[in-house]
Amino acid sequence: MSSSPPPSSAAASPSCPKKMIALRSSDGETFEIEEAAALQSKTLENMIDEDCAGTPIPLPNVTGKILAKVVEFCSKHAEPGVDDESLRAWDAEFVNVEQATVFDYILAANFLEIPTLLNLTCNVVADMIRGKTPDEIRKFFNIKSIFSPEEEEEVRRENHWAFE
Amino acid sequence: MELESVGDLALNLILTKLGPENVGRVACVNRKLRLSADEEALWSRFCSEELHLSAPLDPRGDPLPSFKAAYKKWREDFRMYPWPLVKRVKRCWDRLQGWLLTNFPDAAATLREGASEADIQELESVLRVKLPLPTRILYRFHDGQDFDESDFTENTPGGSLGIIGGYSFYGYVVNVNLLPLSKVIMETNHVVQHLGFSSRSNYIVVAASSTSGEKLFFLNCRDGQLHVGTRNLPFDGEMMPCVPKSLISSVHDRNADLQQDAMLLWLEEHGRRLQSGMIKLREDGGVRSICLFPEEPPLCSTAITNGVRIRSSAVFVPEHSDLQNEYLFAYSIRMSLIPEGCMANEMPCNFCQLYRRHWIIRANDAVVAHVNGDGAIGKSLFMRVALI
C-alpha cells in the first residue's frame, strides 16, 4: 500500500479534521487525497456528493503511476496561499515529462474531469504542434499516415492557405 | 500511446488553442486528425473570432456550405496581404457599415462592393502609383460610394449621403463621400492637369465633397499620408495633413509587424466618433446627413442656465483656411429647454424665445471676436418643451 505524502498546508478550518478520500488505481494501489483536493475533479466531486466516498473509489482507467501524480497535482492546486507565479512554475515542472506521460495525464484529466489539468496538458501538446509542418508533426509524434495519394492531394489543396 | 488516442474532447481543446493555420496543417497529418481538424464547431469559432461571422459567408456575402469552406475562401481571396491587416480592415468597415445600417441606411446602400485585384492594378497602372497596403485592402472590401439620380434632389443638389459627412453654414454646404476607383482615376487626372502637379506625382484624390468642388482629400501613395486641400489649393497646390505623421508606418512592407496608413487611421477614427456619438446625424430642412460638429464633451460644451441648455462646438474648415495666414473655424450653437422647463421671474415656464445673442469667442483664452445681434441672423428662435 502506498499513499501520497500529506500536504503540508493547513486546512481551511483547523478545528475540523481533514477529510481524506481513498482512491484505488487500475493496478490495485490505494491513494489518499484530501477532500478539498479531490474537489478539483468533477467526477470525484459528484461521487463525494452522492456519499459514495466511504470505501476506496475504484478508478479503472488510471494506473497507480499516473494516479499518484494526479493526486499530487490536485493537492498542490488546493493549497491556499500559493501565488500565481509559483503555481505556474510548479505546473511547468509538472508537465516537463515524456510525451507519453503527458498523454496519460490528458486521459486521466478527461476521465476525472479536472479542467485545470486538462487545460495545462492540452497547452503543452498544442505547443508541441505549433509551427510544425505536417511531416514534422508526424515525426514528432511518431504518427503513421495512411492517406492515399488522392486523399493527400485533396487535403493539401483544401488547406494550402495554411502554408503560406 | 498516440496523439489521436487522447480523445475527441482533448483533441478539440488542443486544436482550439492552436488557431486556424496550425489546424489546417494538422488536417494534413492523417485521416483521424483530419476528421478532428475539419470539425465545423472549430471553424465556426475561428470564423466568429477572426471575422465576426455568425454564418458561413464568403467575402461578397454569399453563403458557403460550411464554416471551414468560408474560412478557406477568405484566406484565399486575401492571400496577398498580411492576414492581421485584413482582419483589422474588416473590423474598421464592420464598425462603419454597422453604424450606417442602424442609423443611416440610405448611406449604407451607397457603399459599393469591393474592388478586385485587377481593378486596383488597373488604377495603379493608369495613375502610375502603388497604393499603400491598408488602402488596397480598404478598397477590396468596398470600392467607394455609388450615387444615383434620386440621391440628388432639389434640397440636396450635391447629395447628403457622404459617409464622411460635413457641415453647412451661411448656405455653404459640405458633404464628403468616398470615391470609387473609377472616379479616383478621373478626379486625379483632372486635378493633376489643372493644378499642374507633375505627372509623376504620388497623389491621388480619394474623397471629395459632392456639393462643392472645394473640398478634396488626397492620398500620398508613397508615404501613406492623407491631405486636404486648403483655399490655396487651386493656386499653389497647398494642402494639409489629416493624420499625425508619427502614426503612419510600413505602408508598403508586407513583412512588417504593423502596417497603417492615413486612410485606415482616418476611417477607424471616423468610425469610433460615429459609434461613440461624438458626431451624429443631423436633420436640416428634412434632409439628413452626417454632421461633423462634435456633440459630446470635451469637443462640445454644454451649459444650462435657468433651464435653457446651450450646446456649442466648432469645426475646422481647411478648404477655407490658409496655412500662412488664417485658420477658419465654423461654430454651431444649439439651444433647447430642459424637460423640466425654464424659470422666468421664478415662475416655471415651458416656452422661451431667443431675443438677442452676444458671443464672446476666445482662442487660447484670448478674446478674438464678439458677435452681437438679434435672435439668430434675423430669426428669433422659439423653443418649446416637448409635451410627452
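Domains 1 and 2 of chain B

Q: How far apart are the centres of domain 1 of chain B and domain 2 of chain B in this predicted model?
A: The centres, taken over C-alpha atoms, are separated by 35 Å.

Q: How do you know which residues belong to domain 1 and which to domain 2 of chain B?
A: The domain assignment of chain B places 3–78 in domain 1 and 83–284 in domain 2. It also gives a domain 3, covering 294–386.

Q: What makes residues of domain 1 and domain 2 of chain B count as being in contact, and how many do so?
A: Heavy atoms have to lie within 4.5 Å. On that basis, 10 residues of domain 1 of chain B are in contact with 11 residues of domain 2 of chain B.

Q: What area is buried between domain 1 and domain 2 of chain B?
A: About 1000 Å² is buried, and carbon and sulfur atoms give 61% of it. On the side of domain 1 of chain B, the residues that lose the most area to domain 2 are Glu50(B), Arg60(B) and Phe78(B), together 53% of what that side buries.

Q: Why is the pair Glu113(B) and Arg60(B) called a salt bridge?
A: The cut-off from a side-chain nitrogen of Arg to a carboxyl oxygen of Glu is 4 Å. The side chains of Glu113(B) and Arg60(B) meet at 3.2 Å, N to O, so the pair qualifies.

Q: How many salt bridges are counted between domain 1 and domain 2 of chain B?
A: The count is 2.

Methods
Residues numbered from 1 in each chain as written. Chains lettered and ligands numbered in written order. Predicted model: local features only at pLDDT ≥ 70, side-chain atom pairs only at ≥ 80, totals over all residues. Heavy atoms only, no water. Domains from an automatic or database assignment. Buried area = accessible area lost by both parts, 1.4 Å probe.
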